[in-house]
Structures are given as structure tokens and as C-alpha cells.
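Student: Could we go through this model together? I'd like to start with the helices and then change topic.

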Amino acid sequence: MKALVTGGAGFIGSNLCRLLRSHGHDVVVIDSLLSGYRRNLDFDPDITFMEADIRDAKAVEAAVDGCDVVFHLAAAVGNKRSIDDPRLDADINVMGTVTLMEAARKAGVGRVVVSSSAGIFGELKKLPISEDHPIDPDSPYGASKLFKEKFSLSYSKLYDIGVVALRYFNVYGINQRFDAYGNVIPIFAYKMLRGEPITVFGDGEQTRDFVNVQDVAQANYQAGLAEGVSGAFNLGSGTRITINKLIEMMQEVSGIKATVEYGPPRPGDVRDSLADISAARASLGFSPSADFEAGLRDYMAWLKTDMAS
């Protein structure tokens, strides 16, 4: 199989590339390096890398040529970033997806796996969150991700393309670097390792469903092989913890005592999150296996080494 991974030099994309290569598949990556890192792909010189923007139609058409499956991970990521710069968020997530899907259609690609987000749901009405939960995004990011999955899924109805949209909850793990716009775990880990105080927005009793990137990469891979399956699926661990408990666990695995400061809740952040993953389990064979405590320990050790390099 020949696979294109858009955003393949990024956090999730690079882990997916490693998994694909471990199974012997040919891999092409297109990435602008806006938030990705070229060194994330240094583990395998046989990966074909193209430094180009997902909105560049000619580059995307060249990248997708001859591919059997496309994994579309390229995106502007994060609620706060989208609030600060909604035009950039929409341009990359909306027009990038239009460009990618048109290229895939013209090239005769059989399957496309699209990275969506739990951000499409907005403030939650019930837990756990199933695929039919009301959709009411609270940020431009959630809205652009909703477009990304709905537009892509329309191609599975119009053309001979199988499309699966994976709605990620809070993904964490190796190759996830500090970004003030990003996930709470790398932000906390980076500040703890630097001896800086960490800020909790709210009382810390809000809950999140954290899923390891290894499980997310495996789900993408299984979706890419799931012939005859199309639709949107939630992708989390099926468990949740409070932010206060997260801090406690990060201190335990790292041996670092954190200074914690509390601030007002942040616009666009939901109070609670918990994925119902039964549909992904039934249709894609998704079965998250990573232990959260062990995953945190491995991540803190990796980030410490990465920061020192």
C-alpha cells in the first residue's frame, strides 16, 4: 500500500508514519512545517517528504499521485489559536480540505481518513459522548473541523471514495511539543520541567478524556484498511480524569513538585469530556491499550530529552 499522510511531520502524523513503515507500506508526507518538525521523520530516510502547504493544489496533486489511501491530518490546531486568528484557522482547515479531497478524487484514491475533533460538539449535554450527540461548536476551530469532516464525508456519497472521519478527544504522547495553543499535557510538562508555575483555567475539577497517540495512530491505520466502512467515529480512551488529578499524576511520574496557579475559565473550553468509543470499536476494531500512567511517564521522559537536544 502507498499512503499519503498530510501533516505527517506533526505530532500525530509522525507517529502514524512510523506505524505505516513498520508494516512495510510506502509513505509520502506533505507538510508545511508550520507546526510540524522535519526531525520527527528522521527515523526513516525512505519516507518521501514534500515541504508544501496543504492549500497548494499542484503540490497536493503531486503528493497524492499513485496513493491508495490518504490520511488527512494537516490542520491549524487549537481553540485559542482559532479565536486569535479565525481567518488562518478557516483557510487551512477549510480550503486545505477542499484542495485535498479534490486531488484525491481526481487521482482515484480509494480511501481517505480525516482527522476531526471532539471540538465539534461544543459544551456537552450528556456523557459519555456518542456520535449522535448534539453538534454545537464553541470556537472557530470546532466549526472548521466540523466542515472538514462533513465536506469529506460528502465525497463518500458522491464518488467512489471511502471516507472515515475520526473525532479526536485529548491526544497526548511522544513527539508532542510545547505550544501555548495546544494540549494541556505538553504545556504542563514543559513548564514543570523548566520549574515554572502551571496555570489551571477554572477550579481543576473539569474532566478530560486523554488518549495516547499510539492508540490514535493504530485507529487511523485500521480505518485506512477498513474497506466498506465510511462515517464519523469518536476516538478517545473511554475514560476521564480531572485536571487536578492529571497534575497529581504528572508530579508522581516525574518526581517534580509543581507550583499550581488557578485562573478564570477560558472561553471555548468545555467543562467535561468523555468519549463513547463503542462505534469505533465495532466498526474499526479500535481498542485503546495504552496505560495512562505509563504513557505519562514515557512522555515526560521523552520531552525532557527533547528539550535538552
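What follows is a chat about a pair of helices and then about cysteines.

Tutor: This is a predicted model, in which local features need pLDDT of at least 70, side-chain atom pairs count only at pLDDT 80 or more, and totals for chains, interfaces and linings use all residues. Residues are numbered from 1 along each chain as its sequence is written, and side-chain values use heavy atoms, with hydrogens and water left out.

Student: Okay, at what angle do H1 and H7 pack?

Tutor: Helix H1 (residues 11-22) and helix H7 (residues 213-225) pack at about 60 degrees, and their axes, which are lines fitted to C-alpha atoms over the stretch in contact, are 9 Å apart. Helices here are DSSP runs of H or I with at least four residues, numbered from the N terminus.

Student: And which residues in H1 meet H7?

Tutor: Phe-11, Ile-12, Asn-15, Leu-16, Leu-19 and Leu-20 do, and among their partners in H7 are Val-213, Ala-217 and Tyr-221, where contact means heavy atoms within 4.5 Å.

Student: New topic: how many disulfides are there?

Tutor: The count comes to 0 disulfides, a disulfide being a pair of cysteine sulfur atoms within 2.5 Å.

Student: Is Cys-17 buried or exposed?

Tutor: Cys-17 has 0% relative accessibility, so it counts as buried, meaning under 20% relative accessible area, whereas exposed is over 50% and partly exposed lies in between (1.4 Å probe, protein chains only).

Student: What about the relative accessible area of Cys-67?

Tutor: For Cys-67 that value is 6%, so Cys-67 is buried.

How values were computed:
Axes fitted to C-alpha atoms, helices over the stretch in contact; angles between N-to-C directions. Helix = DSSP H or I, 4+ residues; strand = E, 2+ residues; numbered from the N terminus.
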